[in-house]
Amino acid sequence: PVPTISWRRADGKQIPRKARRHRSSGLLEIPNFQQEDAGLYECVAENVRGRNVARGQLTFYAQPSWTQRISDVRAAIEERVAWECRASGRPKPSYRWLKDGEPLLPQGRVQLEQGSLTIPNVSLSDAGMYQCVAENRHGVIFASAELSVIAIGPDFSKTLLKKLTLVKVGGEVIIECKPKASPRPTYSWKKGKDILRENER
């Protein structure tokens, strides 16, 4: 006689409630298939003459999708720049980087690790358009950001040259001079109009 057909999961989990069983055609339909729906399924057919089981593995795959993108950065010369991009996908995506459309390889000043890019000391030559690429066998996605490298003339507006009063003759005085500047400036000191030169004192 025509067998009756039933479905079950071989791992003991419940078949998702959203699944629809078409008994007349022996069809199992799972809408909006997700990672948790993956697994080994069994179709059981039986009648008064016997029983048979067919098994099939359902595997979840997904193309990459961004969970963290990179954004434009303005940095002064010798500043540290760090970007990180992250993508979900199945299988897990791999990452690579481009600069102005050309593959970017790890080198002395540029450090690449998975979805992260770090330049400890930025120079003018680092300026440009960068792309993080995430890919698996099901797709490729790109995230773009521009690195602008700027030079800053010495700025003392946020620096205080400390006014120190000697309490004891022969004591030591330290005056710090740390203006904001890019690239790093050279320094010279004056007392009044006279240039100070290093000596034994």
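Q: Contact means heavy atoms within 4.5 Å; which residues does Trp 66 touch, not counting residues up to four places away in sequence?

A: This is a predicted model, in which local features need pLDDT of at least 70 and side-chain atom pairs count only at pLDDT 80 or more, while totals for chains, interfaces and linings use all residues. Residues are numbered from 1 along each chain as its sequence is written, and side-chain values use heavy atoms, with hydrogens and water left out. Leaving aside residues up to four places away in sequence, Trp 66 touches Cys 85, Arg 86, Ala 87, Tyr 95, Cys 132, Ala 134, Ile 141, Phe 142 and Ala 143.

Q: What does the secondary structure of the protein chain come to?

A: Helices (H or I, at least four residues) and strands (E, at least two) are DSSP runs, numbered from the N terminus. The protein chain has zero helices and 19 strands. Among its contacts between residues at least 6 apart in sequence, 54% join residues at least 24 apart.

Q: How many of the residues count as buried, as a percentage of the protein chain?

A: Buried means under 20% relative accessible area, exposed over 50%, and partly exposed in between (1.4 Å probe, protein chains only). Of the 201 residues of the protein chain, 27% count as buried.

Q: Which residues have the most contacts inside the largest nonpolar core?

A: A nonpolar core is a set of buried Ala, Val, Leu, Ile, Met, Phe, Trp, Tyr and Cys residues joined through side-chain atoms within 4.5 Å. The largest one has 23 residues, and those with the most contacts inside it are Trp 66, Ile 70, Trp 83, Trp 97, Leu 117 and Leu 147. At least two residues of this core come from each of strands E8 (81–84), E10 (94–99), E13 (116–119), E14 (128–136) and E15 (139–150). E15 gives the largest share, five residues. A second, separate core of five residues includes Ile 15, Leu 28, Ile 30 and Tyr 41.

Q: Is Thr 118 buried or exposed?

A: Thr 118 counts as buried because its relative accessibility is 13%. This residue has its place in strand E13. Thr 118 touches Arg 80, Val 81 and Ala 82, as well as Arg 109, Val 110 and Gln 111, when residues up to four places away in sequence are not counted.

Q: Where does Pro 31 lie?

A: Pro 31 is in the loop between strand E3 (27–29) and strand E4 (39–47). With 25% relative accessibility, Pro 31 counts as partly exposed. Lys 18 is 13 residues away from Pro 31 along the chain, and the C-alpha atoms of the two are separated by 6.8 Å. Apart from residues up to four places away in sequence, Pro 31 touches Lys 18, Ala 19 and Arg 20.

Q: Which peptide bond is cis, with omega near 0°?

A: The cis bond runs from Arg 90 to Pro 91. Pro 91 is found in the loop between strand E9 (86–90) and E10.

Q: What is the phi of Glu 78, and what is the phi of Gln 114?

A: Glu 78 is not a glycine, although its phi is positive, about 75°. Glu 78 lies in the loop between strand E7 (73–76) and E8, and it counts as partly exposed because its relative accessibility is 33%. Gln 114, also a residue other than glycine, has a positive phi near 50°. Gln 114 has its place in the loop between strand E12 (111–113) and E13. At 55% relative accessibility, Gln 114 counts as exposed.

Technical notes: Contact = heavy atoms within 4.5 Å.
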